[in-house]
Amino acid sequence: MKVRLVVRRWKEGWRAPRYDVFEVEADPSESVLDLVERVSLKLDPTLTFEHACHHGVCGACGMVVNGVERLTCVTRVGDVARNGVILVEPLHGFKVVSDLVVDKSRMFSRYPDDTRTLERVAARVEKLWDCVECGICYSACPVACSYPSYLGPSVLAWAFHRAVEEGMVPAPVASGSGVWSCHAAFDCSEKCPVNFQPGEKIMRLRRLLLRGAVEVV
Amino acid sequence: MGLGEALRSWLRVRGRSAEHVSFAVRRLAGVVLALYLVVHMVDISTLLMGEHVYSAFLQVFASPIGLVFDVVLWVFLVLHGALGLYSALVEAGLLLERRKVLLAAAWAAALLLLVVGVVVILYVMG
């Protein structure tokens, strides 16, 4: 099938983003990431994007495809092309580094004490349980996209697991930039590629806090 | 992050779930109701200028334009209330597994109240 791949481009120094159109031949069963990769290899080597595993595990290739956050490596072209058009944009809620690459550090370093960053704590427990740290939940969340101090869905869902297992949560989690900022839009859960259910976990953590069942440390 | 970016993220509906669209409607209705509160304060403040001023102001709301204003206000009030009730329940961690049913019930209740309210405003008050 013929596909018109429209890519939102922006690089440091540009005054405004632009949209580039690439006409490509595609198999409906191949992934959107394959398409982006082919464009980068054959048509425009300056097109930048992130990828690694190509099978939905690493979480690197999260993008907004035709308005919906998706892991592009497990998104088939035939499932998302509308009238042969696929619009690919970087995730919302993060600073764009270049084209489709975003800086996800807000997801990894939200705790004030940097000895307890998500990455360091996650290293000694199962890696964020089932979360692949793709950042799609941030992009889908209207609060995370409008309130930079918000800890964000995946971090709070991780905190829920910690609360259940250890009976305590870090103070920022129980603060105004933590669970109390969530407004139940639930698109984090709807768009999560691994059904981690961050929205539900945030609400369950709220319930634990309201009942005094977890200690705030 | 500017106001425009915040509004775009709140009111984004393309590719969003029913929960997100409901969030957007609830938030928009909330902003409109907050603005109405200001108008209402101005409205009742006209009492300070005398009964005749207040009565003249009331005549505006009794006109056909006033009825349209009432209908619009009722729509936002009902949507904010019904979706707010849904939100209050799930945000307290209740009925999370059945939140889609709860949301559908909230929309159904809102639509019913909208119809009843509009009929009352147009045919009884009007």
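**Entry 1: Terms and model**

I began with contact: two residues are in contact if their C-beta atoms, placed from the backbone, lie within 7 Å. I noted that this is a predicted model, in which local features need pLDDT of at least 70 and side-chain atom pairs count only at pLDDT 80 or more, while totals for chains, interfaces and linings use all residues. Residues are numbered from 1 along each chain as its sequence is written, and chains are lettered from A and ligands numbered from 1 in the order in which they are written.

I then looked up the confidence values. pLDDT is the predictor's confidence in each residue, from 0 to 100. Chain B has a mean pLDDT of 90, and 98% of its residues reach 70 or more. For the complex, the predictor gives an ipTM of 0.81 and a pTM of 0.86.

**Entry 2: Where chain B touches chain A**

I found 18 residues of chain B in contact with 19 residues of chain A. Three elements of chain B give two or more residues each to this side: helix H1 (3-10), helix H2 (18-45) and helix H4 (64-91). Helices (H or I, at least four residues) and strands (E, at least two) are DSSP runs, numbered from the N terminus. H1(B) provides the largest share, 4 residues.

**Entry 3: Chain B as a whole**

I recorded 5 helices and 0 strands in chain B. From the N terminus on, its elements run α-α-α-α-α. Its radius of gyration is 18 Å, well over the 14 Å that the globule rule gives for 126 residues, so chain B is more spread out than a compact globule. The radius is taken over C-alpha atoms, and the rule is 2.2 Å times the number of residues to the power 0.38. The C-alpha atoms of chain B fill a box of roughly 55 × 40 × 25 Å along the principal axes.

I also looked up burial. A residue is buried if 20 or more other C-beta atoms lie within 10 Å of its own, exposed if 12 or fewer, and partly exposed in between, with C-beta atoms placed from the backbone. Of the 126 residues in chain B, 20% are buried. Among contacts in chain B with a separation of 6 or more, 62% join residues 24 or more positions apart.

**Entry 4**

In H5(B), the residues Arg99(B), Leu103(B), Ala106(B) and Ala110(B) are buried. An α-helix has 3.6 residues a turn, so residues three or four places apart point the same way. The buried residues of H5(B) pack against H2 and H4 of chain B.

In the loop between H4 and H5 of chain B I found Leu95(B). Leu95(B) is not a glycine, yet its phi is positive, about 55°. With 14 other C-beta atoms within 10 Å, Leu95(B) is partly exposed.

**Entry 4: The domains of chain A**

Chain A is divided into domain 1 (2-102) and domain 2 (104-216); such bounds come from an automatic or database domain assignment. The C-alpha centres of the two domains of chain A lie 27 Å apart. I found 15 residues of domain 1 of chain A in contact with 15 residues of domain 2 of chain A. On the domain 1 side, strand S3 (62-65) and strand S4 (68-71) of chain A each supply at least two residues, and S4(A) gives the largest share, 3 residues. This side of domain 1 divides into 9 nonpolar, 5 polar and 1 charged.

H8(A), residues 198-210, has 13 residues and reaches 18 Å from its first C-alpha to its last, close to the 18 Å expected. Its buried residues, including Ile202(A) and Leu205(A), pack against H5, H6 and H7 of chain A together with H4 of chain B. Just after H8(A), Gly212(A) takes a positive phi of about 70°.

Lastly, I looked up Asp99(A), in the loop between strand S6 (95-98) and strand S7 (101-103) of chain A. Its phi is positive, near 50°, and Asp99(A) is buried, with 24 other C-beta atoms within 10 Å.

Definitions and conventions
Nonpolar A, V, L, I, M, F, W, Y, C, P; charged D, E, K, R; others polar. Expected span 1.5 Å × (residues − 1).
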